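Please describe the structure shown below.

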Amino acid sequence: MICPCQDKLADISKLYTECCEPLHIGKVKAQSPELLMRSRYSAFELRLGQYIFDTHHPEFRNGTLDDYQQSAQLTDWCRLEVLESKYDNVSGKVNFKAYFLEKGKLHCLHEISNFILDKEQWFYTDGKYQPKTIDKISRNDPCPCQSGLKAKKCHLK
């Protein structure tokens with residue numbers, strides 16, 4: 001399976017087992033804010049609430065583990081687009097767009113996320129949302145997840 005954080009139309013896309021899974025199972029730690037953000041996106045798509053909770057810095061969390069696990073179950077994520085990533089040895093920012101489907105409409109969550117390095121581990125702290133966009137997806141349009149299928153045979157199924 002291609003990792004959810006990857007561009008499925010790219011010439012080279014990493015497999016989940018070689019990309020985010022090692023982070024999700026605790027085998028390795030993210031080496032940059034972008035890698036952490038990508039792994040968090042994959043965790044949202046794969047509904048891994050524990051990972052999302054664990055990688056949100058404790059001083060910035062807004063809820064319990066149960067809240068994070070419930071949140072991970074609610075949204076049908078379908079694509080990630082990283083626009084910019086920069087960091088130094090203590091903090092970083094990642095500008096990204098994450099696309100999700102809700103009631104037959106494609107929504108775009110555009111956020112500039114903040115990260116800090118604490119005890120040699122990157123954590124998400126918070127983010128600034130950019131204006132939200134919504135597009136209606138027709139059943140015969142290509143699915144926004146880039147699967148190559150029509151939306152009606154993929155995420156609108």
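How many aromatic pairs does a search of the whole structure find? The search finds six aromatic pairs. Rings of Phe, Tyr and Trp (its six-membered ring) count as a pair if their centres lie within 6.5 Å; planes under 30 degrees apart are called stacked, over 60 edge-to-face, and the rest tilted. The pair of Y41 and W77 is edge-to-face, because the ring centres are 6.2 Å apart and the planes stand at 75°. Y41 belongs to helix α2 and W77 to strand β1, so the pair ties together parts that are 36 residues apart in sequence. Both Y41 and W77 are buried. Here buried means under 20% relative accessible area and exposed over 50%, with partly exposed in between (1.4 Å probe, protein chains only). Y41 and W77 also belong to one aromatic cluster with F44 and F100.

The model is predicted: local features need pLDDT of at least 70 and side-chain atom pairs count only at pLDDT 80 or more, while totals for chains, interfaces and linings use all residues. Residues are numbered from 1 along each chain as its sequence is written, and side-chain values use heavy atoms, with hydrogens and water left out.

The charged end of R61 sits over the ring of F53, 3.9 Å from its centre, and that of R79 sits over the ring of Y99, 4.2 Å from its centre. A charge sits over a ring if NZ of Lys or CZ of Arg is within 6 Å of the ring centre and within 35 degrees of the ring normal.

**Overall form**

The chain has four helices and five strands, in the order α-α-α-α-β-β-β-β-β from the N terminus. Helices (H or I, at least four residues) and strands (E, at least two) are DSSP runs, numbered from the N terminus. A compact globule of 157 residues would have a radius of gyration near 15 Å, and the 16 Å of the chain agrees with this. That radius is taken over C-alpha atoms, and the globule rule is 2.2 Å times the number of residues to the power 0.38. Of the 157 residues, 39% count as buried. I25, in the loop between α1 (21-24) and α2, is exposed, with a relative accessible area of 59%.

**Pockets**

A pocket is found on a 1 Å grid over the protein atoms alone, as an open set of points where a 1.4 Å probe fits, with protein on both sides within 12 Å along at least five of seven lines; lining residues have an atom within 4 Å of a point. Grid points are joined across faces, edges and corners, and the volume is the space filled by probe spheres set on the points.

| Largest | about 620 Å³ | β4, five residues |

The largest pocket is lined by 24 residues, and R40, F44, E111, Y124 and Y129 are the closest to its centre. Its lining divides into 13 nonpolar, seven polar and four charged residues. The second largest pocket has 19 lining residues, with C5, Q6, C19, L35 and R38 nearest its centre. Nine residues of that lining are nonpolar, three polar and seven charged. Ala, Val, Leu, Ile, Met, Phe, Trp, Tyr, Cys and Pro count as nonpolar, Asp, Glu, Lys and Arg as charged, and the others, Gly among them, as polar.
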